[in-house]
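Student: I've got a new model open and I'd like to learn how to read it. Can we go through it together?

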Amino acid sequence: MNRIVAILAVVVGVGGYFLWNSMQSSGPSTQEQAQAERLLGAANAQEASSDVDTSSVVEMQLGNPDAPVTVIEYASYTCPHCASFHTGAYKQLKADYIDTGKINFIYREVYFDRFGLWASAIARCAGTPETFFGITDILYSTQSEWARAGGGDPAQIADELRKVGRLAGLGGDSVEACLTDADNLRTLVAWYQKNAAADGVSSTPSFVINGTTYNNMAYSEMSTLIEEAAGS
């Protein structure tokens, strides 16, 4: 994905409609209809504005918060290039720099679509960085399965995300609450918009190394930039 698609009117209008329509076309049960209505309500809450208070959003970080180098990754759970990074180069970055305390690593979600937003809600559901990054690993390693469920059917994708949440040890009620918390989803969208604008993020994955933003790159290049920022 080469550019940030943050046209929330499309996400809300089209996203909400197709979530509801997919249930209607297959003759939804009462339970399915209720789930669709809750998710539709959450989708309609995705419109964000500059006056939304985003102070409640927790920065998900690993490594040493006092390290001389901070690396911020901007990524979307539905971005194939982000999945490639997390199932490949990220493991080396973690071993070389995060686990050794050489950098402070921060992960910030980008929302191309409602599916990425729902995935983010699931990842953040437990509230702890440890669980967040564990679920993030699952989301990226299984991206081709959940993000394409039913040929892109929103209802089936939501069900697959529920399974990820349960696999991570989250209760069904907690997962449903996280998926349908309209205020939280609105806050996350506003948080993403503010961060992306401030750091000039226009594609994913993007990396901000000590305040300078870079597009996707080979791990060798990233390692060189980190070493330079550390003064090595």
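Student: Let's start with α10. How many residues has this helix, and what does it reach from its first C-alpha to its last?

Tutor: For any helix, the expected span is 1.5 Å times one less than its number of residues. Here α10 has 18 residues and reaches 26 Å, close to the 26 Å expected at 1.5 Å a residue. Helices (H or I, at least four residues) and strands (E, at least two) are DSSP runs, numbered from the N terminus. This is a predicted model, where local features need pLDDT of at least 70, side-chain atom pairs count only at pLDDT 80 or more, and totals for chains, interfaces and linings use all residues. Residues are numbered from 1 along each chain as its sequence is written, and side-chain values use heavy atoms, leaving out hydrogens and water.

Student: Which residues of α10 are buried?

Tutor: Buried means under 20% relative accessible area, exposed over 50%, partly exposed in between (1.4 Å probe, protein chains only). An α-helix has 3.6 residues a turn, so residues three or four places apart point the same way. In α10 the buried ones are L185, T187, L188, V189, A190, W191, Y192, N195 and A196.

Student: And what follows α10?

Tutor: G200 does, with a positive phi near 65°. Likewise, just after α8, G169 has a positive phi of about 95°.

Student: What is phi like at N210?

Tutor: Most residues other than glycine have a negative phi, and most peptide bonds are trans. N210 has a positive phi, near 50°, and is not a glycine. You'll find N210 in the loop between β4 and β5 (212–215), where it counts as partly exposed at 37% relative accessibility.

Student: Which residues does the cis peptide bond join?

Tutor: T204 and P205, with omega about -5°. P205 sits in the loop between α10 (182–199) and β4 (206–209).

Student: How many residues are in the largest nonpolar core?

Tutor: A nonpolar core is a set of buried Ala, Val, Leu, Ile, Met, Phe, Trp, Tyr and Cys residues joined through side-chain atoms within 4.5 Å. The largest one here has 61 residues, and Y77, L93, I103, F105, L139 and I226 have the most contacts inside it. Helix α5 (residues 114–123) gives this core its largest share, seven residues.

Student: What does L139 touch?

Tutor: Contact means heavy atoms within 4.5 Å. Leaving aside residues up to four places away in sequence, L139 touches Y77, A119, A123, W146, L161 and V164. Of these, L161 and V164 are among the buried residues of α8.
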